[in-house]
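These are notes for a colleague who is about to look through the structure. They are set out as numbered points and can be read beside the coordinates.

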Amino acid sequence: MISAILYKSATGSCERYAHIMSRKLALPSYPVDACPLPKGMEVIFIGWLMNGKVQGLAKAQKNYAVKAVVPVGMSLPTGAALEAYKEKNGLDSTTPVFGVQGAFHMDRLSFPMRLIMKKVNQSIVKRLEGKGQLSDAEQATLTMAETGDGEPATWDGIDAAVEWALQQREPLNVMKWYEPQ
Ligand SMILES: Cc1cc2nc3c(=O)[nH]c(=O)nc-3n(C[C@H](O)[C@H](O)[C@H](O)COP(=O)(O)O)c2cc1C
C-alpha cells in the first residue's frame, strides 16, 4: 500500500506536484531528505531532471520501496526522451514512470547552475525555433529557455500519476466487516 509521496525539488515544481498529489490522494508528502517514514514503506517519488538524472531517486530507492517515479523537466519528458531517462536512471518496465513538465526559474538557481543553463537554453532555443509548429509544452519550454523564467503549459499532467495511484488502492470489502467470526 502506497503510504506517501516523496520529492526532491530545487526551485519548487516537484514540491508543487507533490502537494497536488498529496491533496488528491489524501496521502502525506515529504522531501526525500527529511522523510520521517520508517524505511521500506511504499512511496511514489517525484524528482527534478538534471542532465537526465532524476534527482533524489537513488536516495529514495535506498530507503523506500519506490512504486512509481515522476520525472519533472523543463521539457515534457515523453516518447524517446522518456525512454532515455528511464534507461539513464535504471528504471525497468516494472516501475511506472509518469513524465511531467515543470517550471524553470533561472534566478532561483546557484551561480554554477546558471552558467550551465545559459548554454543549455541557447541550444534549446535553436532547436525549437527550427522546429516549426510547436506543442503547448514545447512553446512553454521555448519561453523558459528564451527568458530564463516560465511555467509549464499545464500543472494537470500529474493527473495520470494520480489515476494510476487510485487504481492501486484495494477496493473496500464491506461484506468482510460483517462476516461472523
Ligand atoms: C543544471 C540543470 C540541468 C537540467 N537538466 C534538465 C534535463 O535534463 N531535462 C529537462 O527536461 N530539464 C532539465 N532541467 C530543468 C529542470 O528539471 C526543471 O526546471 C524542473 O522543473 C525543476 O524542478 P524543481 O522546480 O522542482 O526544482 C535542468 C535544470 C538545471 C538547473
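1. Domain bounds, as used throughout this note, come from an automatic or database domain assignment. The model is a predicted one, in which local features need pLDDT of at least 70 and side-chain atom pairs count only at pLDDT 80 or more, whereas totals for chains, interfaces and linings use all residues. Residues are numbered from 1 along each chain as its sequence is written.

2. The protein chain is assigned domain 1 (1–103 + 154–170) and domain 2 (104–150), and the C-alpha centres of domain 1 and domain 2 are 23 Å apart. Six residues of domain 1 are in contact with nine residues of domain 2, where a contact means that the C-beta atoms of two residues, placed from the backbone, lie within 7 Å. On the side of domain 1 that touches domain 2, three residues are nonpolar, three are polar and none is charged. In this classification Ala, Val, Leu, Ile, Met, Phe, Trp, Tyr, Cys and Pro count as nonpolar, Asp, Glu, Lys and Arg as charged, and the others, Gly among them, as polar.

3. For the protein chain as a whole, the secondary structure comes to seven helices and eight strands; these are DSSP runs numbered from the N terminus, with helices being H or I of at least four residues and strands E of at least two. The C-alpha atoms fill a box of roughly 70 × 35 × 30 Å, taken along the principal axes. Of the contacts in the protein chain with a separation of 6 or more, 67% are accounted for by residues 24 or more positions apart. Buried residues make up 31% of the 181 residues, a residue being buried if 20 or more other C-beta atoms lie within 10 Å of its own, exposed if 12 or fewer, and partly exposed in between, with C-beta atoms placed from the backbone.

4. Which residues are the closest to the ligand? They are A10, S13, W48, G73 and G102, out of 22 residues that surround the ligand, a residue being near if its C-beta atom, placed from the backbone, lies within 6 Å of the molecule. The elements that give two or more residues to this shell are helix 1, strand 3 (42–50), strand 5 (65–73) and helix 4 (111–129). By class, the shell divides into 13 nonpolar, nine polar and no charged residues, and at least three of its residues are drawn from each of domain 1 and domain 2.

5. G102, one of the residues closest to the ligand, sits in the loop between strand 6 (100–101) and strand 7 (104–105). Is G102 buried or exposed? G102 counts as buried because 29 other C-beta atoms lie within 10 Å. Not counting residues up to four places away in sequence, G102 touches S13, C14, W48, V72, G73, M74 and P152. G102 and E170, which are 68 residues apart in sequence, are 31 Å apart in space, C-alpha to C-alpha.

6. Two packed helices are described by the angle between their axes and the distance between the axes. Helix 1 (residues 13–25) and helix 6 (residues 159–167) pack at about 35° with their axes 10 Å apart, where axes are lines fitted to C-alpha atoms, for helices over the stretch in contact, and angles run from 0 to 180 degrees between N-to-C directions. The contact is made by M21, K24 and L25 of helix 1 and by A161, V162 and A165 of helix 6, which by class gives five nonpolar, no polar and one charged residues. K24 is partly exposed because it has 15 C-beta neighbours inside 10 Å.

7. Most residues other than glycine have a negative phi, and most peptide bonds are trans. A26, in the loop between helix 1 and strand 2 (29–31), has a positive phi near 55°, and A26 is exposed, with 6 other C-beta atoms within 10 Å. N51, in the loop between strand 3 and strand 4 (53–54), has a positive phi of about 50° although it is not a glycine, and N51 is likewise exposed, with 8 other C-beta atoms within 10 Å.

8. P96 lies in the loop between helix 3 (79–88) and strand 6 and is partly exposed, with 16 other C-beta atoms within 10 Å. Leaving aside neighbours within four places in sequence, P96 is in contact with A68 and W164.
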